[in-house]
Amino acid sequence: MADPSAFLFSLAQALSVMALYPAGHPSRERAIDAAYQHADALSSGERRPFTFLEDDVVYGRERLRDLKGWDYASKLVGAGIQRLEFERAVTRDEFDGFLEELFARLNPAPADSSERRQMRSLGIRFGTVGLQGQEAAPPPPETTLDVTLGDEAETFRWLQGEIRDQGVVPLMEAEAVVRSLSVAMQAERRMVLPLLQLKEFDQYTTTHALNVSVLSMGLAEFMGLSPREVRAYGVAGMLHDLGKVRVPKDILTKPGKLTPEEWSLMRSHTVEGARLILQSDQKLDVAALVAFEHHIMINGGGYPDRHFRCDCHKASTLVHVCDVYDALRTKRPYRDAWEPAATLAYIERGVGTEFDADVATAFIAMMGKWEPRLAYASLSPAAA
Ligand SMILES: [Fe+2]
Ligand SMILES: [Fe+2]
């Protein structure tokens, strides 16, 4: 019977035994046989992808509770394997080939150049999430890199639907999207900022959320924050406009000026977003703060209205700059997209009034340094 947890346990067992015994040894063959039995059952049935996080494993959309803290998950993530998926029923030969490749990934020879590539054994796809089709050698930095963020966009849209319908943020999936974006950023052995370009107006919510997440992680990393903070800022960047699920669509996409009532509804996305996030998961406190504070200006202006003056969290000042950059760079129903230089000049003019000086200066410096490493992708119309 198909049992995803039993498959992974047997897979880890086989990989451990492979390190101890040479090909043909009975113990090795027995362990591989056992893993194949589970693989056969899984790949012949309803196939769902495994997603590996550092201390969790997700099968399809379901967290495998008996694999909480499973140490092999962090090994797989460390080897650049965040996802594993059977594309069809696999034969024993194909499974052997897959195990060999996986074993080589987990125990790399010193000069192994295949690191972080998407791998594909016959019928089994594994590697980083959302990097399909990147097996070719990386192009020189000044050319447009070929990035595909279809998986991430699809998961984000699902996530938004859950929030709209159930009123809760699925934290695991939100973190998985951010981790996957962060892998895409490191895919070329140095920082790349993979941004989505808007093709259809109704893709704005998704492209904006993923772009602000990528820019926020880039900036947090550029400013020397810890990997944990970088990821937390990435989640906060992705969820900053979440409260817009509570704003009517015709107001969000209205081409003309908003009436005072519509404007007040629009501004409420900050408070609504913070409320939705806080009632979902207390661990998302930074994301909740960012949702609340990302339109507050450093001189106290902006919204929502507050009864007392308070300094915004650093994550909010950082997401604020990234939010404005992406919004201005994107064509909207009521205006054209701004050019990069004009956008950076706007941010520079806002230093000390709208934007925190350290953060805005760092953003401008980051763009100066990493602009050649912006990689643009666009979503297919189906991924709106
Ligand atoms: Fe916003
Ligand atoms: Fe925004």
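**Figure 1. Asp 241 in the predicted model.** Asp 241 is buried in this predicted model, with a relative accessible area of 13%, a value that falls under the 20% limit for buried residues. Asp 241 bridges two iron ions, ligand 2 and ligand 1. The distance between the two ions is 3.7 Å. The two views that follow take each ion in turn.

**Figure 2. The site of the iron ion (ligand 2).** Four protein donors surround the iron ion (ligand 2): His 208 and His 240, each through NE2, and Asp 241 and Asp 323, each through OD. These donors lie 2.2 to 2.3 Å from the ion. Along the chain, the donors of the iron ion (ligand 2) follow the spacing H-x31-H-D-x81-D. Asp 241 sits in the loop between helix 8 (227-239) and helix 9 (249-252), while Asp 323 belongs to helix 13 (residues 314-329), so the pair ties together parts that are 82 residues apart in sequence. Asp 323 is buried, at a relative accessible area of 5%. The angles subtended by the four donor atoms run from 76 to 174 degrees, which makes the arrangement around the iron ion (ligand 2) irregular.

**Figure 3. The site of the iron ion (ligand 1).** Asp 241 (OD), His 269 (NE2), His 294 (NE2) and His 295 (NE2) coordinate the iron ion (ligand 1), at 2.1 to 2.3 Å. Here the four donor atoms subtend angles of 86 to 179 degrees, and the arrangement is therefore irregular. The spacing of the donors of the iron ion (ligand 1) along the chain is D-x27-H-x24-H-H. Distant parts of the chain are linked by Asp 241, in the loop between helix 8 and helix 9, and His 294, in the loop between helix 12 (285-293) and helix 13; the two residues are 53 residues apart. His 294 is buried, with 0% relative accessibility.

**Figure 4. The largest pocket.** The largest pocket has a volume of about 1,400 Å³. Its lining consists of 48 residues, and those nearest the pocket centre are Tyr 204, Lys 244, Met 266, Arg 332 and Tyr 334. Helix 5 (150-166), helix 7 (204-222), helix 9, helix 10 (260-267) and helix 13 are the elements that give two or more residues to the lining of this pocket.

**Figure 5. The largest cavity.** Two cavities of 30 Å³ or more are counted in the model. The largest cavity has a volume of about 60 Å³. Glu 293, Ile 296, Met 297, Ile 298, Cys 312, Ser 316, Thr 317, His 320, Glu 354, Phe 355 and Asp 356 line the largest cavity. Helix 13 supplies the largest share of this lining, three residues.

**Figure 6. Nonpolar cores.** The largest nonpolar core has 63 residues. Leu 193, Met 238, Leu 239, Ile 277, Phe 363 and Met 367 have the most contacts inside this core. Another core, of 35 residues, lies apart from the largest one; Ala 12, Ala 31, Leu 42 and Phe 50 are among its members. In soluble globular proteins, nonpolar side chains tend to be buried together.

**Figure 7. Surroundings of Leu 193.** Leaving aside residues up to four places away in sequence, Leu 193 touches Met 185, Val 214, Leu 215, Gly 218, Met 366, Met 367, Trp 370, Arg 373, Leu 374 and Ala 375. Among these partners, Met 367 is also listed with Leu 193 as one of the residues with the most contacts inside the largest nonpolar core.

Figure 8. Ser 43 lies in helix 2 (residues 26-44) and is buried, with a relative accessible area of 0%. Ser 43 touches Phe 86, Arg 88, Ala 89 and Val 90, with residues up to four places away in sequence left out. Ser 268 is found in the loop between helix 10 and helix 11 (269-280). At 22% relative accessibility, Ser 268 is partly exposed. Ser 268 and Pro 304 are 36 residues apart in sequence, and their C-alpha atoms are 7.3 Å apart in space.

**Figure 9. The chain as a setting for the close-ups.** The chain has 15 helices and eight strands. Of its 384 residues, 49% are buried. Among contacts with a separation of 6 or more, 67% are between residues 24 or more positions apart.

Definitions and conventions. Residues numbered from 1 in each chain as written. Chains lettered and ligands numbered in written order. Predicted model: local features only at pLDDT ≥ 70, side-chain atom pairs only at ≥ 80, totals over all residues. Heavy atoms only, no water. Core = buried A, V, L, I, M, F, W, Y, C linked by side-chain atoms within 4.5 Å. Buried < 20%, exposed > 50% of the residue type's maximum accessible area, 1.4 Å probe, protein only. Contact = heavy atoms within 4.5 Å. Donors = N, O, S within 2.8 Å, 3.2 Å for Na, K, Ca; no water. Tetrahedral: all angles 85-135°; square planar, octahedral: opposite > 155°, others 65-115°. Helix = DSSP H or I, 4+ residues; strand = E, 2+ residues; numbered from the N terminus. 1 Å grid on protein atoms, 1.4 Å probe; cavity = no way out; pocket = protein on both sides within 12 Å on 5 of 7 lines; lining within 4 Å. Points joined across faces, edges and corners; volume = space filled by probe spheres on them.
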